[in-house]
Each structure stands twice: as C-alpha cells, then as structure tokens.
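Here are a few exercises to work through with the model open in your viewer. Try each task before you read its solution.

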2 protein chains.
Amino acid sequence: MVDHTMPRQPAVVSSDDAEDTRCFVTRLFGKRALNREAQVERILSAATACFIRAGFRGASMNDICSEAGMSPGALYRYFPSKEAIIEHISAQHRRESAEILDRMASTNDIIEAVVKVGIEHVRHMSMNTAGDGPADAHARLFMEVRAEATRNDTVAAICDLHEGMMREKLLAAFTAAKQAGLIDPVVDLELAVATLAAMGEGIILRNFPAQGVPLEALEPVFRALATAVLRPANKQI
Amino acid sequence: MVDHTMPRQPAVVSSDDAEDTRCFVTRLFGKRALNREAQVERILSAATACFIRAGFRGASMNDICSEAGMSPGALYRYFPSKEAIIEHISAQHRRESAEILDRMASTNDIIEAVVKVGIEHVRHMSMNTAGDGPADAHARLFMEVRAEATRNDTVAAICDLHEGMMREKLLAAFTAAKQAGLIDPVVDLELAVATLAAMGEGIILRNFPAQGVPLEALEPVFRALATAVLRPANKQI
DNA sequence: TAAAAAAGAGAGAACGTTCTCTCTCATTTA
DNA sequence: TAAATGAGAGAGAACGTTCTCTCTTTTTTA
C-alpha cells in the first residue's frame, strides 16, 4: 500500500489580523468574485436536484459533485459541510413560502385575500423551477425540510423563524379585518391561522395540481374553507 | 493494518426445496413459533422507536439491534434487510390510519360522522403508543413514510393501496349521504374527499394536540370545514 | 511595465468512519 | 442428537471530508 504518512509542511504563518488589502472593486466585482457567486449557485441547484431525487440523507456529496460537474475538493471550497448546504436550501425554501404572504394585498375582502394567497402558494409549490425535475419537486423538498426539522435543531430554528413570520403576517391581517367587521367576532384568530396554515400544508403535501386538479377548481374550495374558518356562524356578513 | 482480504467462504449450499418436516402443530404453536412472533414484535417496536428518533435513513441497523437488545446475526434471522423492516412499519402505519375509517358509523348526520373520524384520526396520531417517545411520534413516522414513498416504489405502492381504500370508503359514505339528500347536490364528491383528506393530513402534520390545542377545540373546526366542503351553498339542509 | 510572489480554484486520490449484511461458532431447545 | 437460535467479529462498500498537487488569476515588487 502506498505510504501517505509523509509529514505535512507546517502552514505558512499568517497573522490572525491579516487584512484583505486588495482593491475593493476587485474584491466585489472582480472575475473571481463573480465566478464565486456563480459556483455557489451551481452547487445549490445541483444539490436541490439531488435532494429532490433522493432526499437529504439519500443524496451523497459525490452525487452532488457529479450533478454540479465539480470535484469534492472544489465543492468544499464553497460549503464547509453537507449540513451547511442542507441548511441553506431549507432556509431558501421556507423563505420563499413566507414571502408569498407579502403579496397579500390589503383589501376589503379578507376572504378573497386568503383565497388568492392559498392559490398563489399552491401555484408556487407545484411550479417546477428547475424544469427537468418531477412535478412535485417543491412538495418533496417541503417534506424533506419538515422531516429534517424534527431532528436537526438548526433546520428546526429556520422553520420556526419563517413560520412565526407567516403566522404574524396572517394574524395582523386578520386582526385588522376583524376590527373592520369582516370577520365573525366569535372567531379565535390564532386557531383560524393555525387551521388555514394546516390546510395549506395538507394541500401542498398532496400536490393537487400534479394529480390533475387544476388551480381553478381549487379556488371555490379555498373560498369555502376560508369562509368556514373566518365566518363560522353566518356565511355572509 | 490487519489484512481483511481473506477470501470469503462460499455460502453453504442449501437446497431450495428443503422442507420443514416438523409436526405442523409444533410448527405453528410450539414454543419456538410463539417466541418467533415475540422476537419479530420486539424488533419492530425497537425499529419504530429508532426511526422516530432518527428517521429511516438516520437510524442504523446497529441502533435497532441495541434498542432491541439483539445481535445483528439474530436480527437478520427475522428480517432479510433494513428495507423489509421499513416496509413492514410503513404498511402497519398506513393500515392503522385506514382502519379508523371503518369505525365511521353509518349515521343520518354525515357531517358529524366526518367530524368524529377526523377527531379520532388526530387522537390516534397524537397518541403515544410506546409511551416513552416524543409527543409527535406518529406524526414523525407519518412524515417519514410519505417521504420514503416518493423514492421507494414498494412503500409508494403501500401508501397508494391504503389511500385508495380510504378514498373509496369515504366516497361510498358520501355517495350514500348525497342520495339521502344530506350533501349539497352541487358538490364534486371526489374533490370533497381529496380536500378533507388533505386537511386531515395537514392537521396531523402540524400535530395540534402536541402544540397545546385540545381535541375539543378542534371539533367545531372540523365541523365548520366539513360543512363548508359538503354544503357550500347553504349551511343548513 | 515585466517579473516574481501570493492567493485562489480545482482535481482526484485517499482518509477514517460508518454502513448493511454475512460469516463462523457456541448455546439452547425439541 | 439434530435443528434452531444467537452472539459477535468482520467483510466490503459507501459515506463525508481532507489531503496534496497543479493550474490560473491577482497583487506586489523591481
């Protein structure tokens, strides 16, 4: 067997307070800086494809390297570990979901606003960003993220953060609508938010569009459910 | 370093058509046969605990052996592979879910029947069978099974089988109720079943009871949602 | 501005660990 | 005594990661 025990060269002594003395233009916009961003993007999109195909645990770093057309040595210059990639992708996925709520227009019709957000969320989740993956790519990733969150504290914190944000956004909108008399005063808003979120997640998980249910068919369903949750006593206000 | 390259012994030739010549009474009810069932059960419950803790991929066969207080050699007498254990547990989990629908009493009030089944399902899912695991044990396992189904054909078939059964049971009940005039004639029953199933799964996933929402609080929610789905036009019939 | 030095990027073999599963051999049961 | 059962070492493959080395780009020096 080949002997690899040759003593390592001591690392060149570099003072801890060494500063990057390069021109800041080069640092930010130089060929290397731009290439670095592109490479990070390449790795993330390759990893996403692999994770959708095989899951966080099922996809190996070698798989990701092959998909990205890159050697392990190269990949590890951009991410310190597999976990770091998983966390990055998890955060990105949850953030995208949370951002959909930002487009929830402040309208006089809270029911229609909820319907619109629900449809938008389902549309986004059944959209195939990559183009060559399975139809339920986003839903698969969503499941991976949630499963990972049950045993990885960092991912759990990421999920909590974004879910908390979503909860507060919805709650704020509902509180305003309630004060405007658009929501039945009896309704427990916290429970309403939780219920609607659970429903949304259930529909994401099932991925209706991938099973042939068109978005238009989902619209009256969302409307009926939103009405039931927000105006349980009397349908019309 | 120790040399492990010693050539393996060829497997002992065992004729494929070897027969069990024991008395069939002994074979079925003898001490050994009974013990065998007990051992299988021991392995399954140990594996379930490990899978809930670490996921299907995250839990190793050694973990399961330790949990079961058993050597690998012993364990592999009862299950040919890790996958076989995963499939067994997946099937068991999905079957238990499907069986809850069997207790759906044929009643004059279809809404209350749906509410009862929903509550029962959530109760079962938030129940901790083992006793010493996390509160969301069933929900975690559910997520594992669904995630596994996206990339393991056998588990996917298991899920399809039981979901198909659930779908048909609900559809039959709804069809009868529709004919009895208990459901709005406008309702697309297929979509109603899918919607209610998705809602149920979303609520399972969120595990409301583990988050402090009591089952009683969930009852009016289920009632409102069931009503919205089955009687969208007019609340009372 | 040209040459020298440093830093960055990448390839790919190899590392140590862990994985699933199988082997041999000892013990228990019928 | 023959068959069933179990223990536990360990084989071999796969894992995530790190290694050394080469080539390119950027910065510093003359």
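**Exercise 1. Size up the interface**

Task: What area is buried between chain A and chain B, and how many residues are in contact?

Solution: Start with the area. In this predicted model, about 3,000 Å² is buried between chain A and chain B. Now ask what that area is made of: carbon and sulfur atoms give 68% of it. Then count residues, and you get 36 of chain A in contact with 36 of chain B.

**Exercise 2. Work out the symmetry**

Task: Which rotation and which shift superpose chain A on chain B?

Solution: Two copies of a chain are related by a rotation about an axis and a shift along it. Here, the rotation is 180° and the shift along the axis is 0.0 Å, with an RMSD of 0.1 Å. The two copies are thus related as by a two-fold rotation axis. To find the axis in your viewer, go to Gly202(A): in chain A, its C-alpha is the nearest to the axis, at 1.9 Å. Finally, check the contact residues: 100% of those of chain A recur in chain B, so the same surface serves both copies.

**Exercise 3. Take the contacts apart**

Task: How many salt bridges and how many residue pairs in polar contact link chain A and chain B, and which helices of chain A supply the touching side?

Solution: Begin with charge. There are six salt bridges between the chains. One of them to look up pairs Arg151(A) with Glu144(B), whose closest N and O atoms are 2.1 Å apart. Next, polar contacts: eight residue pairs turn up across the interface.

Now for the helices. On the side of chain A that touches chain B, at least two residues each come from α2 (31-58), α7 (137-149), α9 and α10. The largest share is that of α9(A), with 11 residues. Sort this side by class and you get 21 nonpolar, five polar and 10 charged residues.

Key:
Residues numbered from 1 in each chain as written. Chains lettered and ligands numbered in written order. Predicted model: local features only at pLDDT ≥ 70, side-chain atom pairs only at ≥ 80, totals over all residues. Heavy atoms only, no water. Least-squares fit on C-alpha atoms with pLDDT ≥ 70 in both. Contact = heavy atoms within 4.5 Å. Buried area = accessible area lost by both parts, 1.4 Å probe. Salt bridge = Lys/Arg side-chain N within 4 Å of Asp/Glu carboxyl O. Polar contact = N/O pair within 3.5 Å; in protein donor to acceptor, adjacent residues only side chain to side chain. Helix = DSSP H or I, 4+ residues; strand = E, 2+ residues; numbered from the N terminus. Nonpolar A, V, L, I, M, F, W, Y, C, P; charged D, E, K, R; others polar.
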